[in-house]
Amino acid sequence: MQGMARVKTGQEAKARMDAYEAVFTALAHPARRRILLTLNFNGGSMTAGEIADVFEHAWPTTTRHIQVLESAGLLHHDQQGRNRVYHIDRRRFELVRDWLAWFSKDPH
């Protein structure tokens with residue numbers, strides 16, 4: 001039974017590392033950070049069209065950035081008629097906060 005606990009802990013650690021990788025990769029691109037800032041300062045929700053109107057990118061480029069943010073868990077969407085409304089998932093940012101907290105601790 002103890003071996004199973006170790007496997008589960010190892011799987012959880014890998015899942016957490018994969019989540020860190022996805023989040024930090026998504027945040028690495030300035031356009032994606034700008035999408036998040038735009039959403040945040042517009043109440044946390046916007047339609048795909050409203051997001052696209054803010055950027056000079058081609059629609060497929062904006063869509064690709066939104067998909068990266070969504071696959072990292074930083075955004076989720078609701079379908080409202082023909083529109084997708086994107087929302088910031090603030091809980092996912094806890095990963096960033098937790099990771100940065102390591103640097104506020106004295107390692108000794």
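Start by selecting Asp 89: its relative accessibility is 15%, so Asp 89 counts as buried (buried is under 20% relative accessible area, exposed over 50%, partly exposed in between, with a 1.4 Å probe and protein chains only). Before you go on, note that this is a predicted model, where local features need pLDDT of at least 70, side-chain atom pairs count only at pLDDT 80 or more, and totals for chains, interfaces and linings use all residues. Residues are numbered from 1 along each chain as its sequence is written, and side-chain values use heavy atoms, with hydrogens and water left out.

Asp 89 sits in the loop that links strand 3 (83–88) to helix 5 (93–101); helices (H or I, at least four residues) and strands (E, at least two) are DSSP runs, numbered from the N terminus. Now show what Asp 89 touches: leaving out neighbours within four places in sequence, you'll find Gly 73, Leu 74, Leu 75 and His 76 (contact means heavy atoms within 4.5 Å).

Hop over to His 76, in strand 2 (residues 75–80). His 76 is partly exposed, because its relative accessibility is 34%. Not counting residues up to four places away in sequence, its contacts are Glu 70, Val 85, Tyr 86, His 87, Ile 88 and Asp 89.

Last stop: Trp 99, in helix 5. With a relative accessible area of 35%, Trp 99 is partly exposed.
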